[in-house]
Amino acid sequence: MSDDVKSRLRAVRLHFGLSQRALAKRAGVPSSSVSLIEGGKVSPSVGSLKRLVDAMGMSLAEFFSFEAPQHDQIFFRADELLPIAQGAVSYRQVGHDLSRSLLQILCETYQPGADSGRVRLSHEGEEGGVVISGQLEVTVGEEKRLLGPGDAYLFRSEVPHRFRNIAEAPCVLITACTPPTF
């Protein structure tokens, strides 16, 4: 498999409006599999690739002939943001196809008591955000802060981090990360 597979998988997945986790779940593969393939860390076997492609309702022939739309959308109405996760923590992404993008922008909502998980996140790149409403506890390395409206953060994503809403109201924030890996 080549670099074409990693970029093509990402383009097709985003075309269908699927997060990496959602595609992995549909295909019955570990959630890290899609990220590793798209990141060029592993090359999938034909069987693994077929499971992923089948989960998107395509044949391998359709997958390899897929052409991503070349029109770059510039403006997005609120209802055009792509939901990539819903639940206690929800994420809505600006743009559907980030295969040629260096930046990912999300509108995130943390319900009261919601968090990014007990295990701290750590991944390549940088990320930042601004709290729009509510409060969010942000832990980066050994530092922990409670942020409110207008407060912001910016850090290297390799540093283990966690987000948690310890307040009684939802917290909404706008975040950006590079490279777009969520």
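This is a predicted model: local features need pLDDT of at least 70, side-chain atom pairs count only at pLDDT 80 or more; totals for chains, interfaces and linings use all residues.
Residues are numbered from 1 along each chain as its sequence is written, and side-chain values use heavy atoms, with hydrogens and water left out.

Helices (H or I, at least four residues) and strands (E, at least two) are DSSP runs, numbered from the N terminus. Helix α3 spans residues 31–38, and Val 34, Ile 37 and Glu 38 are buried there (under 20% relative accessible area, with a 1.4 Å probe and protein chains only). Viewed down the axis of α3, the buried residues fall within an arc of 95°, so they line one face of the helix; the arc is that of the directions from the helix axis to the C-beta atoms. Just after α3, Gly 40 adopts a positive phi of about 75°.

Turning to the strands, two of them pair if DSSP finds at least two bridges between them. Strand β4 (residues 126–133) runs antiparallel to β7 (residues 152–156), with five bridges joining them, and Gly 129 stands opposite Tyr 153 in β7. Seven bridges link β4 to β9 (residues 171–178), again antiparallel; here Val 131 stands opposite Leu 173 in β9.

Strand β5 (residues 136–140) is joined to β6 by five bridges, and Glu 137 stands opposite Leu 146 in β6.

Note on methods. Buried means under 20% relative accessible area, exposed over 50%, partly exposed in between (1.4 Å probe, protein chains only).
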